[in-house]
Amino acid sequence: MLKIIGAGVSVLAIGASAFAADMPAPFDKPGDVKIALVRYLSTGDFFQSYLSGVETQAAALGVDLRVLDSRQDAALQADMVDQAISLGVDGIIIQHGLTESMKEAAQRAVDAGIKVVAFDVNVENEAIPQIEQSDYQLGKLALDQAIIDNGNDFTAGYVYVPGIAPLDRRDVAWKEAKEANPGITEAAMFGTMDNPIANSVANQARSVLQANPNINVVFAPYDEFAKGVKIAVDEAGLTDDIDIYSADVSTADISAMREPGSAWVATVATNPSVVGEVSVRTLALMLAGENPGASVIVPPTLITQKFLNENDIKNMDDLGSKMPQFQHADVSVADWIPLPKR
């Protein structure tokens, strides 16, 4: 059953794979459990895959899921938390956003007795577990590979927008890499979250590359950033002169990395669908009275262009078959929580 709720969508999953009688309250009556996903970012393959994971895990549990999408409007996202509260939901997943706009909204949900988890947004609330992909490790593994490939003496462009929690955590790895390797020169820092993100970043990258012809590495720790940089690199005919290192992965990213002569040589990622599943399971544990911990980490994996080509990986399914950790993360699991069918 599909319902349109204002700016969002409600999906009522029918027929959870576990018997309700074996489930702890409130999941002994799963159809009565209402949860909401309140989104800040939704543009790009990563976020569509994350949403798919949320939906499939919610369906496996048999709960009523409401999806509210603010489309990068910070004030609207805060209002949507209040909307979810007024809808009488039992739990809320806050997906990305800005600390200053979400901190008070998240607290209002907690004050209303609603269980809340946050994915890649720091709402500065001890009652709210933080779900993340170990963003620091995402950045560090990508930079470690950049140093393996290029040595510790190169000129870099850096794509970064401060104030976005996962990017801020990845920025820590960038600062550490520069401090540990004085030969790394940051020639330019640029970035934007304006939609469409890839095209907006491409517009910036064109000017940056023209003004800094000595750049030979670009650290773009978000795949939409990397797509934008690749557009500019391709247009400038610099595919043999610049290596791009990123974070996150999708089928479209795999295709871009495997293009002949592609400058996008490595990314570090978790399966965003798996992260979505973990988000729902973490919230389910809280609703059942269990403690998932203050920090819920989904471990990332380095994915190189060489690995993709050698294994003829064309999509996320192929990647999952070659990297089992992409199919499932043994995080926020319990005997009573049914997993999505593969």
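In which loop is Asn315 found? Asn315 is located in the loop between helix H10 (305–310) and helix H11 (316–322); helices (H or I, at least four residues) and strands (E, at least two) are DSSP runs, numbered from the N terminus.

The structure is a predicted model, in which local features need pLDDT of at least 70, side-chain atom pairs count only at pLDDT 80 or more, and totals for chains, interfaces and linings use all residues. Residues are numbered from 1 along each chain as its sequence is written, and side-chain values use heavy atoms, with hydrogens and water left out.

Leaving aside residues up to four places away in sequence, Asn315 touches Thr251 and Ile254, where contact means heavy atoms within 4.5 Å. Ser250 is 65 residues from Asn315 in sequence, yet their C-alpha atoms are 7.4 Å apart in space. The loop between H10 and H11 also holds Asp312, which is partly exposed at 38% relative accessibility.

**Backbone geometry**

Most residues other than glycine have a negative phi, and most peptide bonds are trans. The table lists residues and bonds that depart from this pattern.

| Site | Feature | Value |
|---|---|---|
| Gln72 | positive phi | about 65° |
| Asp312 | positive phi | about 50° |
| Ala25 to Pro26 | cis peptide bond | omega near 5° |
| Asn195 to Pro196 | cis peptide bond | omega about -10° |

Gln72 belongs to the loop between strand S4 (64–69) and helix H2 (74–86); with a relative accessible area of 16%, Gln72 is buried. Pro26 lies in the loop between strand S2 (8–12) and strand S3 (34–39). Pro196 occupies the loop between strand S9 (185–190) and H6.

**Packing of H6 and H7**

Two packed helices are described by the angle between their axes and the distance between the axes. For helix H6 (residues 197–211) and helix H7 (residues 223–236), the angle is about 45° and the axes are 7 Å apart. Axes are lines fitted to C-alpha atoms, for helices over the stretch in contact, and angles run from 0 to 180 degrees between N-to-C directions. H6 is therefore oblique to H7: angles under 35 degrees count as roughly parallel, over 145 as roughly antiparallel, 65 to 115 as roughly perpendicular and the rest as oblique. The crossing of the two helices, H6 and H7, is right-handed, that is, the near helix is turned clockwise from the far one by less than a right angle.

On the H6 side, the residues in contact include Ile197, Ala198, Val201 and Leu209; on the H7 side, they include Glu224, Phe225, Ile231 and Val233. The residues of this contact of H6 with H7 comprise eleven nonpolar, two polar and four charged. Here Ala, Val, Leu, Ile, Met, Phe, Trp, Tyr, Cys and Pro count as nonpolar, Asp, Glu, Lys and Arg as charged, and the others, Gly among them, as polar.

Glu224, a residue of helix H7, counts as buried at 7% relative accessibility. Apart from residues up to four places away in sequence, Glu224 touches Thr43, Gly44, Asp45, Ile197 and Ala198.

**Annotated domain**

The UniProt annotation "domain: Periplasmic binding protein", from an unreviewed entry, covers residues 35–290. The end C-alpha atoms of residues 35–290 lie 17 Å apart, and the span is 50% helix and 20% strand.

Note on methods. Buried < 20%, exposed > 50% of the residue type's maximum accessible area, 1.4 Å probe, protein only. UniProt positions renumbered as here; feature names shortened; annotations may be inferred.
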